[in-house]
Amino acid sequence: MAKKKSKAPASGGQLEKIAPRTGRVIKNTGSSYLVRLDDGEEALCRIKGNFRIKGIRTTNPVAVGDLVEISLRDSDAQYITSILPRKNYIIRRASNLSKESHILASNLDGAILVASVADPATPTTFIDRFLATAEAYNVPASVVINKSDLWDADTRAYAEAVRALYESLGYRTLLVSARTGEGTDILRDWTRDRITLLAGNSGVGKSSLINALAPGAGLRTGAISDLHHTGMHTTTFSEMVDLPYGGQLIDIPGVKGFGVIDFAPEEVSHFFPEIFRRGRECRYSDCKHTGEPGCAVVPAVERHEISESRYASYLSILEEAMETPESDKYRKPF
């Protein structure tokens, strides 16, 4: 097979080099990145095949929200040349068997997990893993329970119980309906003049919520699978959506699972505020809260002072952390 010929320079010899410009990544299409430059212009950019961020193994070295420098070499060759230091990000394991991670978004003022208690039901383990990751990476997190217009009395009572649980832990939690508008005024206040990640399982109604907050966004919404009561992906790529009242939402494809990638066993409890607080009463400072002598956490769970569901989530993350080889733990400062 003949080799593809490289494109000749626009003018003889070397391509003209222009001083790098800075901007923010507002869309990731998989093969290219849309960057909004500081002057408001938007540039479609690529990265070179060997582009990597030192110390972080990710499937996407550039994420929506990144502040970057780009080099404009000619009209159709624009490259991201560097990423400026991130103040924070949300990251997850790329797949259950993968050693690589996937950065959902960076440089966030907050993150909102959109959940649902029915059609589909979001497991509390998923919520807890998201919140623990937000704690680990310094991202203020909130929980929104959507589709309140579909609930009967029993379902609403369960949703209220879930809200009470997470509010008792210090997380803002809101019951909303994209269809009726319940709670959307408060959601506008939460997102006004801020860059906020909106994450959740497929089918929980993220796109409908964004359309309610930003009517001009026109995001596609999908139906729920009758067979499995799960959502079907409607968001294909990560994208930043401008809000008419100020601020931006980062919409990402629905996440099926949330695997943590780089927690050390001794720090897992730090990301569960109620377990960390009670753990100060343990006899040993290195207590893992799995039944050690003098543990204060397990008795608190038995007395229902710590939620059993939260403790189960803690144990599941602890188990993963203990099974991960030390060489695969690489969480780095921002």
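These exercises work through aromatic pairs, ring–charge contacts and helix packing in one predicted model.

Residues are numbered from 1 along each chain as its sequence is written. In this predicted model, local features need pLDDT of at least 70 and side-chain atom pairs count only at pLDDT 80 or more, while totals for chains, interfaces and linings use all residues.

**Exercise 1. Classify the pair Phe263 and Phe271.**

Step 1. Recall the rule: rings of Phe, Tyr and Trp (its six-membered ring) pair if their centres lie within 6.5 Å; planes under 30 degrees apart count as stacked, over 60 as edge-to-face and the rest as tilted. The count by this rule is 4 aromatic pairs.

Step 2. For Phe263 and Phe271, the centre-to-centre distance is 4.9 Å and the planes are 55 degrees apart. The pair is tilted.

Step 3. Check burial (buried is under 20% relative accessible area, exposed over 50%, partly exposed in between; 1.4 Å probe, protein chains only). Phe263 and Phe271 are both buried.

**Exercise 2. Why is the pair Tyr311 and Tyr314 stacked?**

Step 1. The ring centres of Tyr311 and Tyr314 are 6.1 Å apart and the planes meet at 25 degrees, so the pair counts as stacked.

Step 2. Tyr311 and Tyr314 are 3 residues apart in helix H7 (residues 308–323), so about one helical turn separates them. Helices (H or I, at least four residues) and strands (E, at least two) are DSSP runs, numbered from the N terminus.

Step 3. Tyr311 is buried at 12% relative accessible area. Tyr314 is buried at 1%.

**Exercise 3. Which ring does the charged end of Arg172 sit over?**

Step 1. Apply the criterion: NZ of Lys or CZ of Arg within 6 Å of the ring centre and within 35 degrees of the ring normal.

Step 2. The charged end of Arg172 sits over the ring of Trp190, 4.2 Å from its centre. Likewise, the charged end of Arg86 sits over the ring of Tyr89, at 5.6 Å from the centre.

**Exercise 4. Describe how helices H3 and H4 pack.**

Step 1. H3 (residues 184–191) and H4 (residues 206–213) pack at about 80 degrees, with axes 11 Å apart. Axes are lines fitted to C-alpha atoms, for helices over the stretch in contact; angles run from 0 to 180 degrees between N-to-C directions.

Step 2. H3 and H4 are therefore roughly perpendicular (65 to 115 degrees).

Step 3. List the contact residues (heavy atoms within 4.5 Å). H3 contributes Thr184, Leu187 and Arg188; H4 contributes Leu209, Ala212 and Leu213.

Note on methods: Heavy atoms only, no water. Parallel < 35°, antiparallel > 145°, perpendicular 65-115°, else oblique.
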